[in-house]
Amino acid sequence: MTLSVPDPTSDLLRLADGDRSAFDAVYAACQPRVLALTRRMMAGDPECEDVAQQALLRVFERASEYQPELGKGMPWVLGIAAWEVRSWRTRRRRRGHGPLDPEHPQSQGPTVEATVAQAQLLAHLEGILDGLEEADHATLMAAAGLAPRPEGLAPATFRKRVQRAMTRLRLAWSDKHG
Amino acid sequence: MDELKRQAQAAYERGRRRLGLRQALLVLPVGALAIWRGSALEQGPIALGVFLMVAAFAWRGGALGRAVWPGLLGGTVAFGLPLLATAGGLAPVGCGATAGCLSACIAGGVGAGIAIGRLAGPRSSLLAALAIAGGLAALSCLPLGASALIAAGAAAGVSAPVTRWLIPART
């Protein structure tokens, strides 16, 4: 599970400043999340690992450009990864492998803005989830199918727990983002 | 270490080199102006030295990297004032230890020192910023005479720490 990975903002700032000792921490925080995002956006495409690798290299190539004004570290990293997926889609279309129907522009996939916004939204959501209590976090992960359901729990009890966890998630979200 | 991590490290270093080159490119207009007003043989190696120094400091990062901007801005002051004095006829080339030459370079040095002392935060290397500024000052002070350059260096070397002590930088 990638959601318990710590926020890399401070390490990313150190790396941008030229502090090479922050590399390992940034790598450990970013690598699983970039891979998870790429998998999610490419829906199991066989080229997913290659694109994730490319995205990660791009993140580190641009790490020196990171500044606090660009916002928190993870949305910035995932924005680059999302852009890389978008570029892969464009390349694929140009090679003639992807859907290209000029009559239906929506068949060309989401826009760059939508892709980056989606990545940033996911990163914000992960930040909120990390701030929830462990039990709520586990319940929501299980409800989303990202973690196993607790054994021996009645479906009605589980539903109730999901409902409560969702309420707390909504409250945490509105506390942070209005 | 796995292959991807090694590649990521190489990508990071590639990004650092690019950053170093990008910041060093700012030296080029100053160097070109100095060469145009002086000679490629005298000013060329100094400009190249400052270019390499800025690229290396920016690539290395940390206190050295943070010194690049204050050094470049202070250096532009130290380069500009003697150049203006020369253009205005106040300090002819090779005037050495005459009042006009010395005052032009001292003013440039004090200006550079104040700029560096004000802009270089406590986590920046003052020495590195002074080295960059000194290199840029040499581009316009050296043709006036070695004593003028020494005077500029001394002025910057004194005024930078004094300014930093009197008015601490915000960062």
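**Reading a predicted two-chain model**

Of the 171 residues of chain B, 53% count as buried. The model is predicted.

Q: How many helices and how many strands does chain B have?
A: Chain B has eight helices and zero strands. Along the sequence, its pattern reads α-α-α-α-α-α-α-α. The radius of gyration of chain B is 17 Å, close to the 16 Å that the globule rule gives for 171 residues, so chain B is as compact as a globular protein of that length.

Q: What does the C-alpha trace of chain B span along its principal axes?
A: The spans are about 65 × 40 × 20 Å.

Q: Among the contacts in chain B with a separation of 6 or more, what percentage comes from residues 24 or more positions apart?
A: Such residues account for 79% of those contacts in chain B.

Q: Which residues of helix 1 of chain A are buried?
A: Helix 1 of chain A comprises residues 9-16, and A:Thr9, A:Asp11, A:Leu12, A:Leu15 and A:Ala16 are buried there. These residues cover an arc of only 160° around the axis, which puts them on the same side of helix 1 of chain A. Their cover includes helix 2 and helix 4 (73-95) of chain A.

Q: Into which domains is chain A divided?
A: Chain A consists of domain 1 (1-131) and domain 2 (132-178). To the contact between them, domain 1 of chain A gives five residues and domain 2 of chain A gives 11 residues. On the side of domain 1 of chain A that touches domain 2 of chain A, three residues are nonpolar, two are polar and none is charged.

Q: How many residues of chain A are in contact with chain B, and which elements of chain A give two or more of them?
A: In chain A, 13 residues are in contact with 15 residues of chain B. Helix 2 (23-42) and helix 3 (48-61) of chain A are the elements that give two or more residues to this side. The largest share, five residues, comes from helix 3 of chain A. By class, the side of chain A that touches chain B has six nonpolar, three polar and four charged residues.

Methods
Residues are numbered from 1 along each chain as its sequence is written. Chains are lettered from A and ligands numbered from 1 in the order in which they are written. This is a predicted model: local features need pLDDT of at least 70, side-chain atom pairs count only at pLDDT 80 or more; totals for chains, interfaces and linings use all residues. Domain bounds come from an automatic or database domain assignment. Two residues are in contact if their C-beta atoms, placed from the backbone, lie within 7 Å. Ala, Val, Leu, Ile, Met, Phe, Trp, Tyr, Cys and Pro count as nonpolar, Asp, Glu, Lys and Arg as charged, and the others, Gly among them, as polar. Helices (H or I, at least four residues) and strands (E, at least two) are DSSP runs, numbered from the N terminus. The radius of gyration is taken over C-alpha atoms; the globule rule is 2.2 Å times the number of residues to the power 0.38. A residue is buried if 20 or more other C-beta atoms lie within 10 Å of its own, exposed if 12 or fewer, and partly exposed in between; C-beta atoms are placed from the backbone. The arc is that of the directions from the helix axis to the C-beta atoms.
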